[in-house]
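Subject: Structure handover

Dear colleague,

Please find the structure below, followed by a short account of what was found in it.

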Amino acid sequence: MEEGYVIVDGYTDEPAGLGVPPYLDVYPRYVAGAIWSNLPSAQVIYFTIDEVRRSLDVFLKIASKAKAIIFIAGVSVPGKYLGGTPISLEELEFLSRVLEKPVKILGGPVAIFGIGKEGGRIAELPSRLGDSFDLVVRGDIELAVYRFIRERSLEKVDPYERRTDFGLIDMFAVKGAKIVLQHPNYSRNLIIELETFRGCPRAIVGGCSFCIEPLYGKVIFRSVKGIAAEVKALYSYGVKCFRLGRQTDIYSYMAHDTGKYEFPKPNPRAVELLFKSIRNAAPNLKVLHIDNANPGTLANHPTEARKITKIIVKYHTPGDVAALGVESADPKVIKLNNLKASPEESLEAVRIINEMGARRGYNGLPHLLPGINFVFGLIGETKETYILNYEFLKRILEEGLLVRRINLRQVLVFPRTRMWDVGTRVINRNKQYFKVFKEKIRKEIDLPMFRRVVPRGTILREVYTEAYEGKNTLARQIGSYPILVYIPDLLPLGKFIDVLVIDHGYRSVTGVPYPLNVNKSSRRLLEKLPGISQRTVAKILVRRPFKSLEDLRTLVREEQVLKWLRV
Ligand code: SF4
C-alpha cells in the first residue's frame, strides 16, 4: 500500500464536539478530506480503536504497509460511553512503537491539551508521547496532514498551524465525507457531528476559568454554504442523522458584533438559513439535533432567543437537547470563575427553551429541552455552593419546568486555563460534599424530573438495540444525550424498535417492546407490563398462541393493556 493512509480514531470528547460511536466527529472526516484533496486516488483506511482492539493482527498487517498513520484522540470531558472505549495513553504508545515503517502522526485534543481520565484529575501532558510519534500536531491535524502530503516532507509542516477561516475545511469536509462508509456504525445508528463555528465569544472577557474553548482564539464562523455542502455530500453517502454539536453556543451562530461583546446579539435569520439549508441538503434526514447553548446569550437577548428556539423546533427533530453550561448557582463562584450567567439568568434560559420546546414530538420525547451542566471544584466553592445549586434545581422542579438531563462533573484541569494553578485542591477539599450532593440530586431532582419528561406509558419510537447488560438489552434513540432504555430481556441487537416506558431509574428508563407480542414474548417481559399479574401471565403462557387480541379478552380485560399487546 504505497500511497495508503490509515486513520486510527481513538475517539474524542470535548466541550464542543463528540466523537465516540455512534458519533463520528469532524477530525477523521477532515483528515480523510485533506488526503483526498491532494491525492484523489489514495487509499484511506479508517479504523476505530475498538476495531483495532478486536482485530489487532489485521490492523497491524494493513497499517505496516501504509505511508502514514494518523492517530486521533483526546477526551477532555470524560464520560461513560456505551458505544466505545477511548484510546488510552498506553495503547497510543504501544501502537506507535510497534509500527516502524509508516510515518506516525498524532493529532486531536490529546496533542493540544493532554488526555483526561476522569473529572478532577489533571490531564496528563503529552510530552512523553512525543518520542513515539514522528509528528505531534498541536494545531489543526487536517492542516498538518494536508501540508505533509503536499510538501512530501515532515520538516516543512508547522505542527502549530491553526485555521484562520473555513476555506480549506469546507473542501476537506466534502471530500472526506465518504469515509463514513467505513465507520462500523454506518447504516446502523451513525450520527455525524457538524461544525458551525470555533471559539467562544466570551474569550474577549477571558472565558470561564476551567474552559479550553477560549484557547482557540477569536471566533470564526463557518458559512451556511460550506455546512450545507458537507451535509449534502454526507447525505449522498447515506447519512441520515446529524447534530450541530461543534460550536460553543448555537444561539450565537453568526451573531452580530461577535468579537465586540461578551454576549453578541443573536442572528435568527442566519440560524434559520442554516437549518433550512441543512433540510434542503438532506430532505429525508432522520435526526437533526443541537448541543451547546449559552444561558447568558438567552437571558441577555430573550427576543432573539425565542425566535431561535422557534426556528430550531421548526426544523429539527424531537428529542433534542440544548445543553446549558450553568456550571454553578453560587454568585461567588460565578464571579471568581468568570462564569457566564447568574442563577436568575440561567433560570430564564430554562424557561425560554421550555416555552417552545416542551411540546411532545412524534418520537415520544419533548421537542427541545434544556440540559444543565454543573462543574464542581471551581475557585471559591464551599459547602454553601452545594446548597445554592440544590436550591436552583429545586426551583426548576417546583416551577414545573422540564429539564432533560443534569450533568454533574468535577472539573478536569487543563494547562493554560486559570484553573491550572488551583489544580485539584478544591475538589479534594469538598470531596464529601460532592458525593452527598450527587446522591441527593439523583433521588430528589433527577427521578421526579425524569418521570415528568418521560412518563410511564410513553412510547419511544425507533429505539436502537445496542448491547446487553446481564439479562437486559440496552437501547437508545439516535440523538443528543439519548435516554438509556433497559429492556428486561435479551433481544436481537442492531434493530430499531418502539418501546413502552414502564419504569424509571435515576438516569434511565425500563421499557418493553411496543406492541408486545403476546405469543412470542418471554415471561419476564410479559410480567413487566403494568396491569398484568403474574397469575395472568402464567395463564397466557399455557393458553398461547392466541389468534387475535379478542381471544385474550377473557384473561386481560383492561383496554389500556390490550392496546400495548399484539398477536
Ligand atoms: S462560555 Fe465559558 S464554558 Fe462556555 S465555551 Fe465560553 S468559556 Fe467555555
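**Findings**

The protein chain has 20 helices and 23 strands, where helices (H or I, at least four residues) and strands (E, at least two) are DSSP runs, numbered from the N terminus. Its radius of gyration is 24 Å, close to the 24 Å that the globule rule gives for 567 residues, so the chain is as compact as a globular protein of that length. Here the radius is taken over C-alpha atoms, and the rule is 2.2 Å times the number of residues to the power 0.38.

This is a predicted model, in which local features need pLDDT of at least 70 and side-chain atom pairs count only at pLDDT 80 or more, while totals for chains, interfaces and linings use all residues. Residues are numbered from 1 along each chain as its sequence is written.

Along the principal axes, the C-alpha atoms of the protein chain fill a box of roughly 80 × 55 × 45 Å.

Helix α1 (residues 26–38) packs with helix α6 (residues 141–151) at an angle of about 20°, their axes being 8 Å apart; axes are lines fitted to C-alpha atoms, for helices over the stretch in contact, and angles run from 0 to 180 degrees between N-to-C directions. That makes α1 roughly parallel to α6 (angles under 35 degrees count as roughly parallel). Residues of α1 including Y27, Y30 and V31 meet residues of α6, among them I141, V145 and Y146; contact requires C-beta atoms, placed from the backbone, to lie within 7 Å.

Yours sincerely

How values were computed: Parallel < 35°, antiparallel > 145°, perpendicular 65-115°, else oblique. Contact = placed C-beta atoms within 7 Å.
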